[in-house]
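Let's work through a few exercises together. Grab a pencil, and keep the picture in view as you go.

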Amino acid sequence: MAKRQTQQRRASIHDVASRAGVSAATVSKVMAGVTTVKPDNAQRVFDAIEQLGYRVDPLASDMRRAKRRIIGAIMPEFESEFFGQMVTQIESLAEQRGYTLVAASSRESEARETEILARMHDWRVAGVVLAPVRNEHGPAAAFMKANGMTGVLIDRVLRDDAFDTVSADSAAASAEVARELIGKGHRHILVVGLGEQAATVRARLDGFRTTALHLAPDVRIDVVLAETDVEPLRAQLRDYFANGERPTAVYSLFLKGTLVALSQFRRRGWHCPNDISLVGFDDAEWMQVTWPAIAAVVQPVRQIAGHAMAALFARIAGEEGPPTARLEPCKVLMRESVGSPGNGPHSANPQ
């Protein structure tokens, strides 16, 4: 009996309302994602929830609604910093609303992606944040439409007729990279990447190529793409350089490609930026601490996650209207790995 009396009482919705200085109805609206609540009131509710450690009772709430307070998230993989940070942000935003996040990796497989979605549908998740393997026209999005699931598509998407989409403005970022490299005098540039069928890869490649050719019609742009895996890309790059090709700059459209390109440079004794310049799409800690630091396109993870979850909760709350498409601007950081061609001590003696 004494033990029971010393246990801390679980915070209630009324405790949150009292701490935030609002009504319990307002707290309920905030938790449900209703967007008509004044931003200041909503923030006080979120602060009170965090201070009190308030958690929605899943048993009680599930009895009152057909869907559970669970948000599903499906990413192509969890190894990259981009998708790892994305899941972390989505989880935090879900928990602020009293939801639990269930995250899974499609492992770059559309079949697995659809299988995971089917399981989440069986679990009656309230909504799904999906970063598709290829684009918004894949089988996963089709499954969500066919089964009336609530969801938001992120990253490898442009615009959809059924779901809100949020992604980075890859084309604009790649155009800026092209302006930087052309401005420094590069006229032979290699672009490397994975899976041209992915919407983001096409946007990055097209944005770069269109701007580079506009600024310098005589520029030579070589493209090496592997469909699904890094190892074929590694072999293709090895053969490309072994055949005597010597671009003055490399632009990698994804993080692992940047590392693969850098490893090929080091095998040949090439140094950035003296022998060859390097820019990578996506940033990572190792790119900042290595010497020279690698130039990178930094994607706005927080903004993408924030807008995606705001759109998802609005749809969960019953908001109607045509789907929206958001493109969030990236930041291009030109670090020490980029210079003008032909100015380094090694440039006249390539290996």
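**Exercise 1.** In what order do the six strands of the open sheet lie, and is the pairing parallel or antiparallel?

Before you start: this is a predicted model, where local features need pLDDT of at least 70, side-chain atom pairs count only at pLDDT 80 or more, and totals for chains, interfaces and linings use all residues. Residues are numbered from 1 along each chain as its sequence is written, and side-chain values use heavy atoms, with hydrogens and water left out.

*Solution.* 
- Strands here are DSSP runs (E, at least two residues; helices are H or I, at least four), numbered from the N terminus.
- Two strands pair if DSSP finds at least two bridges between them.
- Reading across, the order is 2-1-3-4-5-11, with parallel pairing.
- Strand 2 (100–105) and strand 11 (325–328) each have a single partner strand, so one side of each lacks a neighbour in the sheet.
- From one strand to the next, the twist averages 20°.

**Exercise 2.** How many bridges join strand 5 to strand 11?

*Solution.* 
- Strand 5 covers residues 164–168, and four bridges join it to strand 11.

**Exercise 3.** Which strands does helix 7 touch?

*Solution.* 
- Contact means heavy atoms within 4.5 Å.
- Helix 7 (residues 110–122) packs on the sheet and touches strand 1 (68–75), strand 2 and strand 3 (125–130).
- Angles run from 0 to 180 degrees between N-to-C directions, with axes fitted to C-alpha atoms (for helices, over the stretch in contact).
- The direction of helix 7 makes about 180° with that of strand 1.
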